[in-house]
Amino acid sequence: MTYKGIISTVIPDSIGAEIGLVPGDRLLEVNGEAVQDIIDLSFALAEEEIELLIEHASGNQELIAFEKEYDEDLGLEFESAVFDNVRHCANNCIFCFVDQMPSGMRDSLYIKDDDYRLSFLYGNFVTLTNLSSRDLNRIARLHLSPLYVSVHTTNGELRQQMLGSKHAGKIMEQLNELVAKDIELHTQVVLCPGFNDGIELEKTIRDLYAMHPAVLSLAIVPVGLTCYRDNCHPLTGFSSSAAGEIIKLVHHWQKKCREESHSSFVYLADEFYLAAGKEIPDYESYDGFPQLENGIGLVRSFLADWEQEQVAMEGYSEPHYIDVVCGISAAKILSPLIAEFRISNLTVRIIAVDNKFFGSSITVTGLLTGGDIIAALQEIPGSRTGVIIPGVALRKGEHVFLDNLTPDTIAAKLDVPVRTAYFAQDLKQLLAAWR
């Protein structure tokens, strides 16, 4: 089978540039062998003598031979990490966030990937429901570890029901087979009230902890419910008291795990603590933040970075009025920090934006849209020198919100400079030295 890796970028002065490759060229073979993804490519390029079969935009194919150092990179980037198309999810999960998206958004937001290669490369969570024996053998042969697995429940029958797939029930068999092949795993549970919480959650924690340290961590995140659920399975969110019960259960297991294995092993999403009004765990409890990208420990990491960042506090010669945008949940964290951050001639307002796009039950900052931010800011009178927006609300690697608006759109609508803060250090530096 022929796969085509489409080159998106050729770094100047690299080997790729020297041999005449340009964006749009397609990589077909390396040393006579087809490569199906950048994993194959990395192994193929370990040789010192290389022969590439390239298909140019004209359709003409060219064989290019050259020599390189063993560890020398070609300087190429590709449109996709996989050359044979991303594997899509065939499940019908009762909690699927993609099914709760409004129509008319960019195509990429409706893609349900379930590809073990993206799990290894980028930490994407996969369900393993489409994993074949051939895939399993390749994972073991290339030692693609760790993988990130959406377990949700170790009760096979319940998992079939929740994922809407007859292939979902053999999860423990699959996990054990991966572990037997020396593959380490990070796991997650999307918690849905009345389904996989309570005794089912305790069973899941117990089963996965029994596989530690091969199972490196378990993240528990609450189901996200938007206002676009007309054709979705009926679900509810967690009340403050219910969130408190989840914290109590997980705290019991964290204590046990730390006593036995010196790590918490199981971690809760920040939303549980914010919903229950409970204190965020201390820094050490997160054991290096193995699932930070999954929203596990973001608040504690932010607080630590904020405290550590040192900035000049000379103040401004003229009054500055800066609005800091965030979600409803984050405002609970930011407000006391900003109240203690005093610089002469600086007035800071925390603008907690109600998520009208997805619905008010979505309170995390990462799902804010440009439209909701503009509407919230326009409703607030008073002087405004500039606006700081959260980088987490922008598409990774791009300056685009979920609704396709950009920070420049906000700046144009409000006629003020807009800056982006990706981390606590950014926010503190922007406030201390607006530029």
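The model is predicted, so local features need pLDDT of at least 70 and side-chain atom pairs count only at pLDDT 80 or more, while totals for chains, interfaces and linings use all residues. Residues are numbered from 1 along each chain as its sequence is written, and side-chain values use heavy atoms, leaving out hydrogens and water.

**Aromatic rings**

Let's start with the rings. The structure holds twelve aromatic pairs. Rings of Phe, Tyr and Trp (its six-membered ring) pair if their centres lie within 6.5 Å; planes under 30 degrees apart count as stacked, over 60 as edge-to-face and the rest as tilted. How are the rings of Phe97 and Phe358 arranged? Their centres are 5.8 Å apart and their planes meet at 50 degrees, so this pair is tilted. The two residues lie 261 residues apart, and their pair links distant parts of the chain.

The table shows how accessible each partner is. Buried means under 20% relative accessible area, exposed over 50%, and partly exposed in between (1.4 Å probe, protein chains only).

| Residue | Relative accessible area | Class |
|---|---|---|
| Phe97 | 24% | partly exposed |
| Phe358 | 0% | buried |

Elsewhere, Tyr267, Tyr283, Tyr286 and Phe289 form one aromatic cluster. A charge also meets a ring: the charged end of Arg419 sits over the ring of Trp434, 5.5 Å from its centre (this needs NZ of Lys or CZ of Arg within 6 Å of the ring centre and within 35 degrees of the ring normal).

**Nonpolar cores**

A nonpolar core is a set of buried Ala, Val, Leu, Ile, Met, Phe, Trp, Tyr and Cys residues joined through side-chain atoms within 4.5 Å. The largest one has 89 residues, and Phe272 is one of those that touch the most other members. Helix H8 (residues 240–261) gives this core its largest share, seven residues; helices (H or I, at least four residues) and strands (E, at least two) are DSSP runs, numbered from the N terminus. Another core, of 20 residues, lies apart from it and includes Ile7 and Leu74.

**The sheet**
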